[in-house]
Amino acid sequence: MFKLESLSLMLAIALLGAGLWTASAAQSGTGTGIIQGNIEAADGTAMEGVLVSARVSGKSFTTSVFTDRQGHYVFPPLDAGQYKLWAQAVGFGAGRAEFALASGGVDRKFTMAPIRNASLILRQMSGSEYLASLPQSTPADRRMVHVYNNGCTGCHTASFTLQNRWDEVGWGILIDLMSKTGSSGVAPAPDAVGNKMMLAYRDELSRYLGRVRGATELALTDLKLHARPTGEATQVVITEYDLPRPDRPLHFADGSDWSLGTPARYVGRAAHDVWADAEGNVWIADDMVPERTIAKLNPRTGEVTDYVLKDAKGKTISTHSIVVDAVGKVWAENGNDRTFLMFDPKTEQFKNFPRQADMKQGVGGTVDVDSKGNPWATSDNGAIKLDAATGQYIHYEAPPAEGGRLCAEECGNWSTYGISIDRDDNAWVTQPGLDRIVKVDARDDGDDPIAVVLAPLSLPEATEVDYERARTLRGGQNTATPLSKAPRRNAADPNDDVVWNALFHANRLARVDTKTLQVKEYALPTPYTMPYATAVDKNGVVWINGINHDALVKFDPKTERFTEYVLPTRGTEIRHVQVDNRTDPPEVWAPYNRMNKVVRLQFRTTGGPGATASR
Amino acid sequence: MSVKSHWMLVGTCVLLLLPVAASAQMRASGRIAGVVEDTWVAMLPDVTSGVADAGDTLFVIPTQASQVSQVGTVETVARGEAWFYQRCALCHLDRIVKDDTTAPVGPKLNGVLKDASPARETAVRERIQRGTLRMPGFRYGFTAEQFEELMAYLETL
């Protein structure tokens, strides 16, 4: 039975009327229906913030919504068909149903029982919940959590490793292996030299992990679970699209069933970055999957089209970052040749831009495009720009790093990670190992690049050993001492003189005024989120993804308030976030780098057509 | 010589030359340098029961093949496959990055339990739970049910 007084249902109708639902009903020739219902606890009280997911047989996407304050959930109109429906909340057993949806609708009520076994709850937890739950009542233990945080989560979410329990020797074996293993997971050569920073902390970290994730399981009272979403954070429709790998079948343990824990990315690592174009297609960069240089997702159907370009050796060119410019050209970095690559969606042809013979510096891993249509990327100790008209590359060298607090010149050529072009066409490049952000003035008569150095992190539990290692060992976004802030990826506000930077290790968002160079830092609401990238929409709202937190985080600079949108998959391990400004509020897109999915958030707002009632 | 064959040769030499006492000593030290075991054929360890305390429940993981049912339903095997990918794939499956496939750091497990005798299955169970010089022991990380699901999947390889 429909409950027409439901605000959620009215909003769904309103959004349908506004033409915002693009991935469900429109393509069906068999009609649509409404799935809705209520969720209550065993004592009969309504449960808000429970994620309810629906998947129809024969389609490649899953739709999820939250229950509201009354414990009510309602999906937007969905295709008729055979459905699986499941409801999940950390700490509770899942509710499940299967049914046929016809025109009209289906009403399903779930009663969720709490889980009393810590091991079973742990499997449901995100990486940020794991780290918060580790014993840390003493400064020494808190320091070890920071060591794990800054030495491990750059490559994987904490929930993947901490769902294991090994003794000290076992953790030591794992750290030895990880110290020699790249982010791609390729096995090290027998003579590989381990990462010095990881090995420096190896003994004390394995001792700590052997104690807290070893023979004795955490108790129920140790678990620090996030509060379920409430209010605004529940007013969202989440669509997760499969991004199938042609080299291996989709795996049933894809993070959708939280009771199975965090999956291996062996099963599904694929998309690294995404970018929505003006037609609503989503372009995908991929540095893992064979026979795919870039891919295009059609959100209206879920269809994924792979495009492949081979290098001179016949190898599939790899991409890591992707941007669609103002005229619809798709830019990415050619990871094989370290050049820029352009794809024209109209002709479906790639064009590679070789560097001039005397240009030694190559195109790095992240890309943006300036107002003139010229692509920029991070590069060796600076930034690199292509003049798209002439095909000439220009490299901009960052100023020398100052030594002292962090190992600088003596630790070699410093790497860069994130890049964003501000509204004046200045490039902003992060240097995670140096805790600084470099401004590159690209005008012919512009100033030399200048570095904005972040204030040192104050961490009471840090020891002299940490300060010494910070001075003498090379740090970076993936391995650093607990004293690191590690600005990782960034995004400029298209309508303001501001660049927003994700401080990966410090768990903060940094606002940099592009004119005054003033810095203001904001602590994220959830510890150990590990903010990786940012995006700024047309309204100046900032979006942040955390590699260690299965959520996308919104920050409104006007109110200085964060809102977290929890995601329906465990082990999302997101490395990029983007916005589609065609709607208001804009939709948000992100790739799950561990699980081969791409996610879209659409927001349920009041005031739309038909939204006249409330519960 | 390929990287893979080099590792196999080293592994074989290690298994032939290392006395049990030396292995135990190296494991206790926690420092593993260049030691490779690349075959499961020579495993005949002692058989004991592994016990893991998992929160409110005490899980007793059987280490002898005779202690458990050999029946592997489709659902059981599927869940075992999930545990295999989650806990084992990093070291025991090829790594694919774009067009390049590289051998895993550990041995591939294809056929490890194919037509295995009870003694061999017991040895495999013991190996997974105790670990090796290069592999952490999984005696704490699986419930008894999960472990049987993993074994059911390994039997299909």
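Two residues are in contact if their C-beta atoms, placed from the backbone, lie within 7 Å. In chain A of this predicted model, residues 24 or more positions apart account for 60% of the contacts with a separation of 6 or more. Chain A also touches chain B: 42 residues of chain A are in contact with 37 residues of chain B.

**Chain A overall**

- The secondary structure of chain A consists of 8 helices and 37 strands.
- The C-alpha trace of chain A spans about 70 × 60 × 50 Å along its principal axes.
- Of the 615 residues in chain A, 56% are buried.

**Helices H6 and H7 of chain A**

- Helix H6 (residues 168-179) of chain A packs against helix H7 (residues 196-212) of chain A at an angle of about 150°, and their axes are 8 Å apart.
- Because angles over 145 degrees count as roughly antiparallel, H6(A) is roughly antiparallel to H7(A).
- H6(A) and H7(A) have a right-handed crossing.
- Residues of H6(A) in this contact include Trp171(A), Ile175(A) and Met178(A), while those of H7(A) include Leu199(A), Arg202(A) and Leu209(A).
- By class, the residues of the contact of H6(A) with H7(A) are 7 nonpolar, 4 polar and 3 charged.

**The side of chain B that touches chain A**

- Elements giving two or more residues to this side of chain B include helix H1 (3-17), strand S1 (50-54) and helix H3 (74-87) of chain B.
- H3(B) gives the largest share, 5 residues.
- This side of chain B has 18 nonpolar, 11 polar and 8 charged residues.

Technical notes. Residues are numbered from 1 along each chain as its sequence is written. Chains are lettered from A and ligands numbered from 1 in the order in which they are written. This is a predicted model: local features need pLDDT of at least 70, side-chain atom pairs count only at pLDDT 80 or more; totals for chains, interfaces and linings use all residues. Axes are lines fitted to C-alpha atoms, for helices over the stretch in contact, and angles run from 0 to 180 degrees between N-to-C directions. Helices (H or I, at least four residues) and strands (E, at least two) are DSSP runs, numbered from the N terminus. Angles under 35 degrees count as roughly parallel, over 145 as roughly antiparallel, 65 to 115 as roughly perpendicular and the rest as oblique. A crossing is left-handed if the near helix is turned anticlockwise from the far one by less than a right angle, and right-handed if clockwise. Ala, Val, Leu, Ile, Met, Phe, Trp, Tyr, Cys and Pro count as nonpolar, Asp, Glu, Lys and Arg as charged, and the others, Gly among them, as polar. A residue is buried if 20 or more other C-beta atoms lie within 10 Å of its own, exposed if 12 or fewer, and partly exposed in between; C-beta atoms are placed from the backbone.
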